[in-house]
There are 2 protein chains.
Amino acid sequence: MLLTKGERTRSAILETATDLASQEGLEALSVGRLADATGMSKSGLFAHFGSKEELHLATVDHAAVIFVREVIEPARSAPRGIARVWALCDGLLSYLEREVFPGGCFMYTTVMEFKNRPGPVRDRLIEHLVTWRGYLAHAIEQAQELGELDGCVNAEGLAFELNGIGNGANIEFQIFRDPQVFENARIAMRERIESMRA
Amino acid sequence: MLLTKGERTRSAILETATDLASQEGLEALSVGRLADATGMSKSGLFAHFGSKEELHLATVDHAAVIFVREVIEPARSAPRGIARVWALCDGLLSYLEREVFPGGCFMYTTVMEFKNRPGPVRDRLIEHLVTWRGYLAHAIEQAQELGELDGCVNAEGLAFELNGIGNGANIEFQIFRDPQVFENARIAMRERIESMRA
């Protein structure tokens with residue numbers, strides 16, 4: 001798909017915006033801060049984003065596109081069933097380990113920041129998180145329909161747990177910078193899945 | 001223990017400070033913001049905390065005292081072994097469910113905020129988190145020494161997982177306000193512990 005020059009500029013700005021916000025939080029992401037980081041003028045940025053809130057919403061949506069590209073899309077090529085559940089888990093850990101966002105998971109950092117701040121930004125973040133968790137739960141249900149996982153398992157509960165292991169590894173790695181944490185997380189996820197085989 | 005009037009005032013100020021920071025983050029906690037919330041003058045507050053950083057460090061330490069009082073102290077009365085591991089897990093969930101801090105876990109919110117901001121505040125937060133996780137791991141090791149849990153289990157790894165389930169429940173509850181999440185977390189923790197019985 002060919003992008004216009006305006007679309008390319010917008011995308012480049014949002015790339016910087018997601019990187020900044022994953023490290024410093026969304027609240028710190030003002031048009032002024034972004035002007036410093038991109039070398040663009042404030043008025044040039046205002047042509048793309050009319051307000052701080054608009055900038056925040058566009059940044060959140062851009063981060064979601066990156067998450068889908070890095071975690072969900074690659075898993076679509078795996079066969080349905082446990083293989084796809086595993087591809088999603090492994091893809092999540094790989095995305096965190098490669099630091100696609102330099103501050104770890106953009107969504108998790110910003111949802112912690114906005115959890116007690118009602119408004120459109122919080123709503124948008126939750127929307128994306130619910131979509132991701134729903135996708136993971138759906139992959140688990142497919143594995144149940146195929147008879148690979150125990151049908152009695154609560155798919156949403158298992159999705160919650162697997163995602164929780166990923167979140168734990170994320171914060172652990174951001175603090176201690178020891179990549180071993182991802183290996184431990186893979187073992188924990190695998191054991192959790194294995195214990196629920198049909 | 002009797003507190004002097006100055007100590008009582010300081011403690012009351014820090015109570016407000018931890019409540020504010022658990023909801024809005026530490027960065028938003030300035031002497032000015034705290035003056036608004038407590039009705040004290042800025043100069044009165046500066047007599048207690050000479051700088052924003054000093055205020056942040058005192059707030060973090062106060063939150064740690066509350067965490068110890070609410071989660072660790074009550075578990076000390078449980079017998080060593082699985083009973084104490086469970087008391088710690090259950091106590092963590094109870095502390096989150098009762099919203100001892102109105103924004104959920106103070107430590108988790110603020111460590112997410114400061115993870116990419118090197119300095120004394122980040123160091124202090126990590127120190128408290130390491131102490132807590134070490135305490136949980138130690139309780140698991142005691143259960144292994146008593147022959148209740150499998151000696152081959154990596155105690156730190158299990159502590160990481162149990163804590164991760166708690167963190168997941170915390171953010172989930174803060175977003176969706178459904179207390180069922182704590183029941184699910186209890187089930188997940190119990191299954192994890194049961195699967196590692198000697």
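**View 1. Helix 8 of chain B meets helix 9 of chain B in this predicted model.** From helix 8 of chain B, the contact takes in B:Glu161, B:Leu162, B:Ile165, B:Gly166, B:Ala169, B:Glu172 and B:Phe173. Helix 9 of chain B answers with B:Val181, B:Phe182, B:Ala185, B:Ala188, B:Met189 and B:Arg192. By class, this contact holds nine nonpolar, one polar and three charged residues.

**View 2. Geometry of the pair formed by helix 8 and helix 9 of chain B.** Two packed helices are described by the angle between their axes and the distance between the axes. Here helix 8 spans residues 155-176 and helix 9 spans residues 180-194. They pack at an angle of about 170 degrees. Their axes lie 9 Å apart. Angles over 145 degrees count as roughly antiparallel, so helix 8 of chain B is roughly antiparallel to helix 9 of chain B.

**View 3. The contact between chain A and chain B.** Chain A gives 24 residues, and chain B gives 24 residues. On the chain A side, the elements giving two or more residues are helix 1 (5-24), helix 6 (106-114), helix 8 (155-176) and helix 9 (180-194). Helix 8 of chain A supplies the largest share, 10 residues. The chain A side has eight nonpolar, 12 polar and four charged residues.

**View 4. The largest nonpolar core, with A:Leu88 among its residues.** This core has 120 residues. Those with the most contacts inside it are A:Leu88, A:Ile140, B:Leu88 and B:Ile140. Leaving aside neighbours within four places in sequence, A:Leu88 contacts A:Val71, A:Ala75, A:Leu136 and A:Ala139. In soluble globular proteins, nonpolar side chains tend to be buried together.

Key:
Residues are numbered from 1 along each chain as its sequence is written. Chains are lettered from A and ligands numbered from 1 in the order in which they are written. This is a predicted model: local features need pLDDT of at least 70, side-chain atom pairs count only at pLDDT 80 or more; totals for chains, interfaces and linings use all residues. Two residues are in contact if their C-beta atoms, placed from the backbone, lie within 7 Å. Helices (H or I, at least four residues) and strands (E, at least two) are DSSP runs, numbered from the N terminus. Ala, Val, Leu, Ile, Met, Phe, Trp, Tyr, Cys and Pro count as nonpolar, Asp, Glu, Lys and Arg as charged, and the others, Gly among them, as polar. A nonpolar core is a set of buried Ala, Val, Leu, Ile, Met, Phe, Trp, Tyr and Cys residues joined through C-beta atoms within 7 Å. A residue is buried if 20 or more other C-beta atoms lie within 10 Å of its own, exposed if 12 or fewer, and partly exposed in between; C-beta atoms are placed from the backbone. Axes are lines fitted to C-alpha atoms, for helices over the stretch in contact, and angles run from 0 to 180 degrees between N-to-C directions. Angles under 35 degrees count as roughly parallel, over 145 as roughly antiparallel, 65 to 115 as roughly perpendicular and the rest as oblique.
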